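Hi there,

Here is the structure I promised to pass on. Have a look at it first, and then read my notes below.

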Amino acid sequence: MSIAVIANLAIFVGILLFLFLQQRKANNSLSRQVLLGLIFGSVFGLLVHVFYGEGNPIIKQTLEWVNVVGSGYVGLLKMVIMPLVLVSMIAAVVKLENSGSLGKISGLTIGVLLFTTMIAALVGIIVTHLFGLSAAGLTEGVRESATISVLETKMGSVADLTIPQMLVSFIPTNPFADLTGSRSTSIIAVVIFGILTGIAARRVMIEKKELEAPIRTFVDAIQSIVMRLVRMIISLTPYGIAALMAKVVATSSVGDILNLIGFIVASYIAIFLMFIVHGILVSFVGVSPKEYFKRIWPVLTFAFTSRSSAATIPLNVEAQITKLNVPPAIANLAATFGATIGQNGCAGIYPAMLAVMVAPTVGINPMDFNFIISLVAMITISSFGIAGVGGGATFAALIVLPSMGLPVTIVALLISIEPLIDMARTALNVSGAMTAGTITSRLLGNKKEINQEFKTIQVQTAD
């Protein structure tokens, strides 16, 4: 290890120590700690990038150690995802006062997710058209050429995937394998297994009254343990954010960004417009958009840096329950469904933009009404089961584009800037899930009481 790398790591350790000291202050909220981590991590990454220059091996060696913190934090969150989903689903069903409300919660949550995905697709289409983006002017480089061959091979495994086959893939034929995340639809499979287990537990509680108390005690105990584990991991967020942002900034390619700046700007504008849509939707159920985004900001920050909707599930659930006063049953369903169904950024905006860009190259008018209707419908349907991990947008594009008779090579041509845009798309995915949870809880609950409790939480958690 060179002296330069040691010096870089000493500075980064100093940043972590500073964040630790700030965390010990009683009046320092998590949102402020996360902001500090984001700022200091970004500055560190920028200084390393500027001082050593792009591609310098010192940067790679430094980030290998910095990545221990970032990847370690993401790994801990991924570790707790499946236990959290399983236990939360079981507890949600067991604790429901009215078991019939489970269908209403699930139906309304999924409905909101799909509705916002439809809007996201339309926003993507409109923004792409207004910017005049086209696939015709993109230059195919060496890296993109290699990626095209990989994507064409991968496309063979998803192009023939029908809707019935996709629905069948949700069934947890081996729940133990799904608990390891072996499939892209594992989270939904675990949700279904948890709900069925919860229903079975309720039946046993009805049939054998002497087991009702032990079952409730067991569910309460295991849920408390898992949630305590989640809070322990969440306390590490500032350090994880600092490391993740350092890596993102230090490894960004200025050349790639400048070459495709139009697509980047258009993507961020579309994503920003969808955040506005989320704010408008929650305002319809009596929630202030300003307070809403203020409460979920730390969660969006982690989603932005981690590029993983699935890894954000623990933070998502915690924020909905403690910051937005969403009942645990709804919060868990919204967070888990939102990680694989109706992702506004990855499954909505991205494939819509690519379809509009590539359509003219095969003689299709992207503004044709029938084309738009077909595209929005296909995007909405195919949004089921898109994995909530980095690369989910690529999977969505590989389903939508061939289904519309469009080539998939554009996906590879944009691969160099994919991480930069994917960060914002992931934050939008998570916001969509939390929007669905907020709307569902307000529509199904006592609106006046919920709004009063929400105001109380705002006072209690004010910075």
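In which helix is Leu122 found? Leu122 sits in helix H4. Please keep in mind that this is a predicted model.

Leu122 is partly exposed, its relative accessible area being 38%. Together with residues including Phe131, Ile261 and Phe284, Leu122 makes a nonpolar surface patch of about 1100 Å². Helix H4 (101–131) and helix H12 (261–283) each give at least two residues to this patch, and H12 has the largest share, with 7 residues.

Helices H2, H9, H13 and H14 each supply at least two of the lining residues.

Glu318 pairs with Arg231, with 3.3 Å between the closest N and O atoms. Because Glu318 lies in helix H14 and Arg231 in helix H9, this pair ties together parts that are 87 residues apart in sequence. Glu318 is buried, at 14% relative accessibility, whereas Arg231 is partly exposed at 37%.

Within helix H9, Arg216 and Glu212 lie 4 residues apart, about one turn of the helix, and their side chains form a salt bridge (3.4 Å, N to O). In helix H20, Arg425 and Asp422 are 3 residues apart; they form a salt bridge at 2.9 Å, N to O, and both are buried.

Best wishes

Note on methods. Residues are numbered from 1 along each chain as its sequence is written. This is a predicted model: local features need pLDDT of at least 70, side-chain atom pairs count only at pLDDT 80 or more; totals for chains, interfaces and linings use all residues. Side-chain values use heavy atoms; hydrogens and water are left out. Patches are made of residues with over 30% relative accessible area and no salt bridge: like charges are joined within 9 Å, nonpolar side chains (Val, Leu, Ile, Met, Phe, Trp, Tyr) within 5 Å. Accessible areas come from the Shrake-Rupley method with a 1.4 Å probe; for residues, only the protein chains shown count as cover. A salt bridge is a side-chain nitrogen of Lys or Arg within 4 Å of a carboxyl oxygen of Asp or Glu. Buried means under 20% relative accessible area, exposed over 50%, partly exposed in between (1.4 Å probe, protein chains only).
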